[in-house]
Every structure is written in C-alpha cells, then in structure tokens.
Amino acid sequence: MLFNSLEFILFFPIVATVYFVIPHKYRWAFLLAASYFFYMSWNPAYALLLLTSTAVTYTVSMLIPKRKTAGAKKTLLALCVTVNLAILFTFKYFELFTSGLYFVLDRLNVQYSPVGYSLLLPVGISFYTFQALGYAIDVYRGDIEPQRHFGKYALFVSFFPQLVAGPIERSKNLLPQFDEVHSFNYNNAVNGLKLMLWGYYKKIVIADTVCVAVNTVFNNIKVFDGLAIIIATLLFSIQIFCDFSGYSDIARGCALVMGFKLMKNFDHPYFSHSLREFWSRWHISLSTWFKDYLYIPLGGNRKGKLRRYINLLITFLVSGLWHGANITFVVWGAIHGVCQIIGRITKPFRDRIFRFNSESKVYCVRNGISVIITFVTVSIAWIFFRADSVSDAVYAVIHLFDWGSLSFSYIFSELKLIFGTRAEFYRLAATVPLFIVLSVFDRYKSLNAAFSKLRLPVRAVIYVLFVTYILLFARAEMQDFIYFQF
Amino acid sequence: MKNNCLKFIVKLAALLLLVCIVVGTINFAYVRGYYYRDVYGEIDKMKNVPYNITMANFGTSHGLSCFRYPENDKSKFNFALSGEDIYHDFATLKQFTSHLEKGCIVAIPTSYFSFCMSTDEPSQKRYYIYLDRKYIRGFSFESLINAKYIPVLRSGEFIIKDLIKDQERDIGAEMMDNSAADKESTESLTEVTGNIPAQSESGNSDAQLVAHAKGRAESWRSGYMVAGKIYTEKNTQLLIEMVNYCYDMGFKPLLVTTPVYYALNERFAENEINECYFEPINRVVEATGVPYLDLSHDSELSANPDYYSNSDHMNSAGAEAFFERYTEFLSEIGYSAG
C-alpha cells in the first residue's frame with residue numbers, strides 16, 4: 001500500500017478516526033494490527049521477517065540486562081546483530097555476493113556457477129532492521145530500559161507511517177510516545193495534514209514528473225549528449241530529494257495527526273555549504289544512526305586523523321551498501337567518503353585563504369559559491385546512485401561536457417529527446433520552477449510560518465488552489481518511492 | 001476536544017467541498033476542450049454502437065483509416081482504434097458481441113507491430129470508458145474514476161495545452177521532419193496515447209512518403225519489433241482465440257493486412273518482418289483456417305502515393321480502392337453480410 005495510492009487515502013482516515021475513538025489501552029493493539037495490515041498489503045509472507053526481527057531483538061533486549069558479565073551481554077548483542085544482518089544479507093545482498101564471487105573466481109579461472117534464486121526484496125527491510133538494531137544496541141549500552149511489553153515493542157518496529165522508508169526512529173523518541181494518551185489535537189491534525197500535503201506535492205507532482213525525463217536519459221545514457229546528461233542529473237537531484245523527503249513528510253504528517261512526533265529527516269540539504277553539512281541535513285535519521293552505531297564505535301575522531309579518515313570512509317562505504325545491493329551504491333558512498341576526507345584535510349587551508357568578515361558581501365558570495373559547489377558535487381555523486389552500472393555512470397561523468405554546440409536548435413532537439421512530448425515539457429515547466437521558488441522561500445523564511453500569518457480566507461483560497469494544483473498535476477502513472485528498494 | 005474536533009471536521013469538509021467545486025468546474029471545461037476531444041474523441045463511437053451489425057472490423061489506426069463505411073449505414077461498424085492491441089480488439093469484440101448479427105463479417109486487420117505489443121501492461125484509460133471491468137487489464141478504481149468521471153485529474157499539462165491553444169499533437173507534424181532517432185522515443189507513444197500522426201487527406205509525394213517510411217520503420221522497430229518479440233506467442237494465441245470466438249458466435253471472421261506504401265516495406269528485411277508478423281499470422285491461419293487477405297505488398301495499392309496520407313495510413317481515395325479489393329475478396333471466399 002503506497003502512500004500515494006487510493007488504498008492509503010482510504011486506509012489512513014479510517015485508522016486515525018478509530019485510533020481516537022477507541023480507549024487508550026487498546027490503541028497499541030489497533031495500531032499494531034493496522035501496521036501489519038499495511039505491511040502485508042505488499043506481501044503477507046514478509047510479515048514473518050518483520051516478526052522474526054522483532055522477536056529476536058525483543059528477546060535479546062530482555063535478556064541483556066539480566067546477564068551479569070560484559071562478555072555475556074556482548075555475545076547476546078552479537079547474536080542479535082548476526083541474525084538481523086543475516087536476514088538482511090539473504091534477502092538483499094546474497095545475489096550481489098554470489099555475482100561478486102563469480103566475478104572473482106572467473107578471473108582466477110575457477111569453475112563456479114552462481115546459486116540462482118530470486119527473492120523479492122521485502123519492502124523497507126533495511127529501515128526496520130536498523131531501527132530494531134538501534135534499539136538493541138541502546139539497551140546493551142544501558143541508554144534505555146528494555147520495553148517489556150512485546151506488543152508495544154512490535155509496534156515500535158512496525159509503526160506504519162515510518163515502517164517502509166523511515167525516518168529510522170530512535171527508541172528513546174518513539175517508544176515512550178506509545179504510552180502517552182493522545183487526544184485529538186486541532187493543531188497537530190492541521191499541521192500533520194499540511195505536512196502530508198507538502199509531502200504529496202513533492203512526491204506525486206515534482207518527483208514523479210521529473211522521473212520521466214530522468215528515466216529516458218539514464219536508461220539509455222549512451223544515446224545522449226552532455227547537455228541531456230546534465231539536465232537529467234539536475235532533475236534526478238530534485239527527484240530523489242522530493243521522492244524521499246516527500247515520503248518522510250507524509251510519514252511525519254500521518255504520525256502527527258495521531259499525535260506522534262517523528263524526527264525530522266530532511267532540512268534543506270541542497271542549501272548546505274559543505275558535504276559534512278549536507279549529511280547533517282540529508283536523511284538525518286540514517287546519518288545519525290551511522291554516526292552513533294558505526295562511526296563512533298569504530299573510534300570516531302578519537303584515535304588520530306588517519307584512523308578518523310578511515311572510519312569516515314568505512315561509514316560511507318557501508319552507507320552506500322545500505323542503499324542498495326549494487327556496486328554503484330558503494331561507489332556513491334565512496335565518493336562521499338573521499339570528498340568528505342578531502343574537505344576535512346583542506347579545511348584549515350581554505351579557512352585561512354577565504355577568511356572574511358561574516359557581514360561582508362564577499363562572505364555572502366563565498367557562502368553562495370560553497371552551496372553551489374556542494375550541490376554540484378552531490379549531484380555528480382547522484383549519477384552513480386542512479387546509473388544502472390558503474391560503466392554507465394563513468395560514461396555519464398566523462399561526457400558531461402560533451403556538447404554538440406550551443407545553438408538554439410541543438411538545445412531544442414536535446415530537450416525534445418529528453419522530454420519526448422511538448423505536454424511533458426509543459427508539465428515540467430508548470431511544476432518544477434514553482435517548487436524551486438517555494439523551496440528557496442522556505443529555506444530563508446519558513447513557508448509554514450509565513451502561511452500561518454495569513455488571514456483565514458486567504459489561507460483557504462491557497463489551500464483550495466494548492467490541493468487542486470496537486471490533483472491536476474499528479475502524475476498519472478504512479479511511481480514507487482525510490483527508497484522502498486532499500 | 002469535542003469542539004476542536006468539530007471545528008476541524010467542518011473546516012476540512014468545507015475545504016474538500018470547495019476543491020470539488022473548483023475541480024468539477026475545470027473538469028467541465030476540460031472535457032469540452034480541444035485536447036480531450038482530440039484524444040478521446042474516437043471513443044465516442046463506442047457509446048453509440050448500433051445493433052444488428054452485419055459487417056464490422058477491428059484493428060489499429062490502419063483498420064481505422066481503411067474501413068470507411070457510409071455514415072448512414074448502421075449495419076456496418078468500424079471498431080478500430082489507433083494503437084489497439086489484439087487483446088483489446090478481442091475485448092471489444094466480446095463487449096459488443098450482442099450488437100453483431102449472426103453471420104456478421106468480422107474483419108480483423110492487424111499491423112506489422114501487432115504481435116509485438118505488450119500483453120502485460122495495464123489497459124489504457126480509454127478502455128475504462130466503454131469496456132466492462134472484466135475486460136480491463138490491471139483494473140483499478142483510481143483509473144476508473146479518473147477515466148470515466150473526472151478526466152481532468154492528473155491532466156495539468158493538457159490543460160496548459162488547451163489554455164495556450166497549442167493544438168500541435170504530442171507526436172505530430174513537427175516530429176515528422178526530424179531524424180528517426182528523434183522520433184524513436186516519442187513515436188512509439190503514438191500507439192499508446194491513441195494519437196494518429198498528422199495526416200494529409202490529399203496524398204503525399206513519393207519523397208515525403210519515403211521519408212516518413214524511414215522514421216516509421218525505425219519507430220516500429222525500436223518501439224515494438226525488437227523488444228516485443230517476447231509477446232509474439234501470447235498475441236498469436238490471443239488472435240487464435242479471437243478467431244475461434246467468432247466462429248463460436250456464428251460470425252464470419254477474416255484476417256486482413258492493410259496496404260502500406262512500398263517504401264515502408266522496403267525498410268524491413270524479409271526475415272525481420274517474417275519473424276515479427278507473417279510467421280505468427282500464418283500460424284493463426286493454419287490453426288483456424290480463417291481466410292486471410294494480405295494487401296501489404298499489393299503491387300497496385302502499395303505503389304500509388306495518391307492513396308496514402310502517410311506511409312502506413314490510407315487516405316479516402318486509398319480506402320476506396322482498398323474497399324473494392326476487400327469486397328472482391330469477400331465474394332471470392334463466399335462471405336456475404338447478414
């Protein structure tokens with residue numbers, strides 16, 4: 001059941017209404033049932049995996065505090081991590097592993113036939129596995145008390161708004177909220193619906209619109225010139241942001257309507273001045289997860305510069321692999337890791353050279369340039385994320401500036417090739433520029449705050465026009481959320 | 001809390017009502033606009049299919065352009081739709097079976113790409129307008145509501161087209177002048193969106209038709225004939241079922257390959273067109289014994305540029321010449337209407 005499907009549009013109001021109508025003591029059970037129903041609408045069998053992951057982490061987390069020695073606790077945690085990662089490996093990475101093995105053995109002239117089995121990747125497996133593991137690690141570290149109520153813990157892992165594409169919630173934030181008594185709150189409901197509306201706008205109007213041109217180019221990358229590749233790359237940057245942050249907004253909005261506050265997952269990432277800042281604004285729940293549960297345990301920045309850089313690189317490589325079982329994602333992670341290392345190495349020099357008064361115009365220009373450089377770097381890295389293979393991505397990067405000419409007819413013919421039809425171009429022209437304007441406005445003056453200051457009739461007109469606009473420009477062919485595959 | 005809840009519900013209901021009014025108003029204008037009439041106009045005929053039909057044809061835009069019955073003759077009906085695949089031909093036949101007289105002559109024209117059209121893709125929205133739910137492939141209520149009741153939903157770009165009075169077809173004359181590669185990605189959509197490329201009723205010069213044939217062959221090749229081979233078997237079986245269904249219902253079926261300009265035939269290698277088209281259609285003939293009229297390489301019809309609006313669609317003069325040959329063939333095989 002996709003957020004952008006008719007089924008969900010019916011499902012959610014029913015769930016929210018029933019949630020407020022039934023007594024508090026039954027709400028967890030109702031939400032749990034609704035969450036499993038939501039998840040099983042993809043494939044009922046995969047609910048077993050969700051249940052297994054839940055049961056294993058719950059059992060281990062209950063046992064850990066009872067073990068007296070650190071070694072015993074560690075063994076239990078290792079068991080929990082192994083089981084969860086084994087499930088993830090089997091369903092997500094086994095094919096990559098066997099094809100990698102085949103590649104290596106083939107070069108060593110060793111006869112090997114890859115095991116041929118195809119399993120459908122369970123939706124959201126990486127998200128709920130990491131959420132459950134985060135909980136187990138928190139219990140192991142003594143940061144939280146284990147949740148004794150199995151039902152509530154199962155709800156924590158399967159809570160439907162964030163089950164399939166995050167945000168990857170922390171137990172400290174979400175678990176206590178299941179014990180709170182949520183009465184209907186007008187502000188929560190309005191703000192939640194506003195967030196959902198904004199999320200839908202980003203997903204079904206912007207992301208699904210630009211994806212047509214992006215797919216045209218990236219699915220046949222070698223047919224296109226540099227100009228088309230650049231346009232497609234920029235559009236993909238918009239697509240992936242709108243797709244993923246749109247999902248997060250809908251998830252946060254749904255939860256907020258029912259009184260749950262999920263963590264913010266995106267905070268204007270394309271306005272970052274550096275890659276480091278980008279990762280504090282992009283997929284925040286995952287970035288902080290990796291920081292807390294991988295980077296810091298590896299030693300973080302406490303063991304010298306070299307070790308710090310290695311830790312950083314490992315974290316980004318794993319992050320890349322988390323995103324998908326393809327070498328392109330690993331390369332994407334590596335690019336981010338290496339660029340961050342370079343950024344950190346060169347920071348002292350750059351700071352010395354570009355030292356300006358923070359109120360001077362030059363400082364503003366420098367900031368603007370750093371935003372552009374960061375955006376371009378991120379966009380180029382997205383090529384590896386989006387391309388079907390590393391060779392396609394390398395081809396795209398090499399041919400970025402391989403333009404025919406700068407004549408109007410050349411640009412026009414390229415645009416025709418990318419967009420296919422004039423209607424497609426009109427759709428893009430009617431949607432993307434408005435989104436960019438709204439995003440810039442939101443970055444510097446909160447859109448929500450500015451909107452709230454307007455008088456009711458004006459707000460009502462804007463609501464009606466905006467909803468109508470979404471209904472008219474929603475893409476006819478429903479697209480999956482990109483992050484579902486992770 | 002109760003007051004808050006009531007306030008919320010009232011405001012939300014008022015907002016939804018206003019949205020419905022605005023969307024409804026735009027929808028009212030949209031379905032009367034140029035774009036909607038242009039694309040969905042050809043479906044209108046399906047809303048008024050007469051009964052007691054004694055001669056009918058199905059097929060794609062090729063059938064649409066060749067079978068031109070007298071307007072006031074309600075006993076003959078052209079069911080063809082541009083870009084129609086065999087599955088939807090069959091579905092349309094089943095839907096309107098009760099409109100056909102026993103002994104009705106049912107011509108099933110097929111196009112070079114017919115056997116290579118996808119048999120998996122969900123039905124286009126136009127089929128929701130006149131086909132029963134059971135015939136819709138990948139039925140969804142969302143599409144039903146969108147197609148049948150509120151077509152304006154998700155049609156923003158076409159509203160813009162109407163607003164700025166851009167009556168250029170998505171895939172139109174503008175594209176005809178460009179290279180085949182330009183058209184490759186877009187022309188394949190012609191068949192999907194149901195748009196018939198801009199056509200000239202007055203005929204074309206040989207050079208124009210030759211140029212068009214080049215682009216057309218490329219677009220068919222890239223759009224269907226290469227990747228679509230996996231569908232050949234399924235489409236062949238569907239056509240066999242369709243022919244057998246005609247026999248079971250007491251109709252008189254025949255297969256037809258409509259004429260195409262010689263230059264288009266020249267664009268295809270013999271083994272290529274055999275594999276994609278003639279082998280499957282001959283298998284249908286062998287399996288069912290259905291009469292087959294193949295005018296694709298007819299020396300007279302294929303060579304005359306005055307018969308064509310473009311390299312694969314006949315104009316009215318061409319349609320007249322075609323129909324003469326068609327009726328001759330009907331007498332040869334002993335098919336008489338009724």
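Colleague: Where does A:Val18 lie?
Modeller: This is a predicted model, in which local features need pLDDT of at least 70, side-chain atom pairs count only at pLDDT 80 or more, and totals for chains, interfaces and linings use all residues. Residues are numbered from 1 along each chain as its sequence is written, while chains are lettered from A and ligands numbered from 1 in the order in which they are written. Helices are DSSP runs of H or I with at least four residues, strands are runs of E with at least two, and both are numbered from the N terminus. The run that holds A:Val18 covers residues 6-21 of chain A and is helix 1.

Colleague: Is A:Val18 buried, exposed or partly exposed?
Modeller: A residue is buried if 20 or more other C-beta atoms, placed from the backbone, lie within 10 Å of its own, exposed if 12 or fewer, and partly exposed in between. A:Val18 has 14 C-beta neighbours inside 10 Å, so it counts as partly exposed.

Colleague: How do helix 3 of chain A and helix 6 of chain A lie to each other?
Modeller: Helix 3 (residues 47-63) and helix 6 (residues 150-158) of chain A pack with their axes 10 Å apart, at an angle of about 125 degrees. Those axes are lines fitted to C-alpha atoms over the stretch in contact, and angles run from 0 to 180 degrees between N-to-C directions. Angles under 35 degrees count as roughly parallel, over 145 as roughly antiparallel, 65 to 115 as roughly perpendicular and the rest as oblique. Helix 3 of chain A and helix 6 of chain A are therefore oblique.

Colleague: Which residue is the bridge partner of B:Ala107 in strand 4 of chain B?
Modeller: Two strands pair if DSSP finds at least two bridges between them, and five bridges join strand 3 (residues 100-109) of chain B to strand 4 of chain B, the two running parallel. Six of the six residues of strand 4 (residues 252-257) of chain B are buried, so this strand is largely enclosed by the rest of the structure. In strand 4 of chain B, B:Ala107 has as its bridge partner B:Leu254.

Colleague: Which helix of chain B gives the most to the side of chain B that touches chain A?
Modeller: Residues are in contact if their C-beta atoms, placed from the backbone, lie within 7 Å, and the contact takes 28 residues from chain A and 30 residues from chain B. Helix 1 (2-30), helix 7 (141-149), helix 8 (156-163) and helix 10 (180-193) of chain B are the elements that give two or more residues to this side of chain B. With nine residues, the one that gives the most is helix 1 of chain B.

Methods. Contact = placed C-beta atoms within 7 Å.
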